[in-house]
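Here is my note on the model, point by point. Please keep the structure open while you read.

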Amino acid sequence: MDINQLKQQFIGLYGDGELQVFFSPGRVNLIGEHTDYNGGYVFPCALSFGTYIVSRLNGSDEIRFASTNFDLKVNVKTEKISQKHPDGAWVNYPLGVMKEFADKGVRVAGMDILVSGNIPNGAGLSSSASLELVTAVMCNEYFKTGFTNLELAWMGKAAENNFVGVNCGILDQFAVAMGQKDHAMALKCDTMVYEQVPVALGDYRIVIANTNKRRGLADSKYNERVAECKKAVEAISTVKSIQFLGDINLSEFETLQASIHDQTVLRRARHVISENQRVVDAIPHLKAGDLKAFGQLMNLSHDSLAADYEVTGVELDAMVSLARSVEGVIGSRMTGAGFGGCTVSLVHKDAVERFMKEVAAGYTAKTGLVPDFYVAETGDGARRLM
Ligand code: GAF
């Protein structure tokens with residue numbers, strides 16, 4: 001991102017004067033999918049690309065939004081920030097966060113905002129959480145509220161749940177708020193106990209492949225999965241009282257599963273509980289540098305998301321199966337919510353070029369879509385840049 005150019009664009013829109021620049025990364029989840037809202041484990045890294053805001057307080061009662069990514073420009077009176085923008089536009093993410101500040105008694109003042117992001121939208125790399133958190137660090141700075149990044153992550157999640165209407169867990173907002181370059185975060189989502197684990201990949205690279213099959217989280221079956229997990233908790237609780245599926249392990253599930261009579265709900269629960277175990281097993285493999293064992297668990301994760309959780313689909317399954325057929329690939333899975341979006345693969349550095357060529361050719365032949373690839377670089381969490 002050329003920040004100087006962005007600053008010039010801001011000045012072109014709003015005029016010369018003081019300005020500040022804020023940033024929040026995207027994230028890639030290495031393993032632990034659909035476990036967060038089940039009180040389980042996740043293992044994401046923050047990325048080097050993300051969302052930037054150039055802004056200033058403007059002394060008026062109006063917040064002026066513009067973006068280099070979308071045409072829509074919106075001016076919102078500060079007393080109206082709790083009202084959703086009618087066409088479900090991108091401004092609802094920053095507005096939802098501002099409303100969280102207002103709900104905490106903060107007087108949200110007028111400001112001029114230019115947003116620019118380089119995370120592909122709707123690709124499962126947390127463009128939404130990134131926009132929420134860049135807004136949150138900006139408001140925290142201007143309104144001198146002194147919230148920690150963890151508190152800001154919860155405010156971002158609340159904005160997404162209550163304002164945008166997606167019942168997501170804390171994975172994305174946590175990852176983009178708390179990320180550390182060269183680390184993945186092993187987080188238990190009920191206790192919020194976490195560890196920053198160094199990501200030492202040796203000769204391997206994290207390669208993200210974008211299926212370019214768009215998925216709208218709110219439109220998708222995401223909320224349906226959340227509801228199915230709740231049903232599983234209710235069924236199991238007739239035998240043993242639990243709060244989350246993450247409260248039980250695989251061997252307990254062997255006996256408790258008889259309490260779930262709906263076969264779909266049973267498969268959803270089996271994914272969550274087995275995925276949780278895979279994260280627990282994967283973390284020590286990464287610490288020990290056993291990337292092949294880590295990659296095998298990534299493969300099992302995808303297979304479970306496909307068969308039991310049913311959140312993959314033709315495009316993600318094709319991308320993963322093509323990836324696995326390339327020599328030098330030791331693990332490949334979908335990342336994020338699914339229903340389209342991206343895969344993440346561990347690829348030997350000497351095979352990266354070939355990987356992109358072969359997977360792209362096979363994927364386009366199968367789906368008619370042209371994929372994009374990114375060799376992931378990890379990065380730090382949301383912050384003020386200047
Ligand atoms: C989306 C959600 F926002 C996360 O909370 C998480 O559930 C993820 O899907 C699946 O692991 O990114």
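**Notes on the predicted model**

1. Start with Leu125. Leu125 is buried because 30 other C-beta atoms lie within 10 Å. Here a residue is buried if 20 or more other C-beta atoms lie within 10 Å of its own, exposed if 12 or fewer, and partly exposed in between, with C-beta atoms placed from the backbone. Leu125 sits in the loop between β6 (111-117) and α3 (127-142). Helices (H or I, at least four residues) and strands (E, at least two) are DSSP runs, numbered from the N terminus. Not counting residues up to four places away in sequence, Leu125 touches Gly26, Arg27, Val28, Leu47, Ile119, Pro120, Gly336 and Cys342. Contact means that the two C-beta atoms, placed from the backbone, lie within 7 Å.

2. A word on the basis. This is a predicted model, in which local features need pLDDT of at least 70, side-chain atom pairs count only at pLDDT 80 or more, and totals for chains, interfaces and linings use all residues. Residues are numbered from 1 along each chain as its sequence is written.

3. The record. UniProt, in an unreviewed entry, places the feature "binding site" at Ser67, Gly122, Ala123, Gly124, Leu125, Ser126, Ser127 and Ser128. UniProt positions follow the numbering used here, feature names are shortened, and annotations may be inferred rather than shown by experiment. Ser67 belongs to strand β4 (residues 62-67). Ser67 counts as buried because it has 21 C-beta neighbours inside 10 Å. Its contacts, leaving aside neighbours within four places in sequence, are Trp90, Val115 and Ser116.

4. The ligand shell. Which residues are around the ligand? They are Glu33, His34, Asp36, Tyr37, Cys168, Gly169, Leu171, Asp172, Gly336 and Ala337. A residue is near a molecule if its C-beta atom, placed from the backbone, lies within 6 Å of it. By class, the shell has four nonpolar, three polar and three charged residues. Ala, Val, Leu, Ile, Met, Phe, Trp, Tyr, Cys and Pro count as nonpolar, Asp, Glu, Lys and Arg as charged, and the others, Gly among them, as polar.

5. The hairpin at Gly336. β10 and β11 form a hairpin with six residues between them. Gly336, in the turn, has a positive phi of about 90°. Strand β10 (residues 329-335) is mostly covered, with six of its seven residues buried. Six bridges join β10 to β11 (residues 342-348), and the two run antiparallel. Strands pair if DSSP finds at least two bridges between them. Thr335 stands opposite Cys342 in β11.

6. Two domains. Domain 1 covers 3-197 + 380-384, and domain 2 covers 204-376. These bounds come from an automatic or database domain assignment. The domain centres, taken over C-alpha atoms, are 25 Å apart.

7. The open sheet. Six strands make up an open sheet in the order β5-β4-β6-β3-β1-β13, with mixed pairing. β5 (74-77) and β13 (383-384) are the edge strands, each pairing on one side only. Strand β3 (residues 44-57) is mostly covered: eleven of its 14 residues are buried. β1 and β3 run antiparallel, joined by nine bridges. Pro25 is opposite Gly50 in β3. β3 also pairs with β6 in the antiparallel sense, over seven bridges, and Ile53 has Val115 in β6 as its bridge partner. Two bridges join β1 to β13, again antiparallel. Phe23 is partnered there by Arg383.

8. Helices. The buried residues of α4 (residues 149-164) include Leu152, Met155 and Phe163. Those buried residues pack against α2 (92-103), α3 and α5 (171-178). Gly165 follows α4 and has a positive phi, near 95°.
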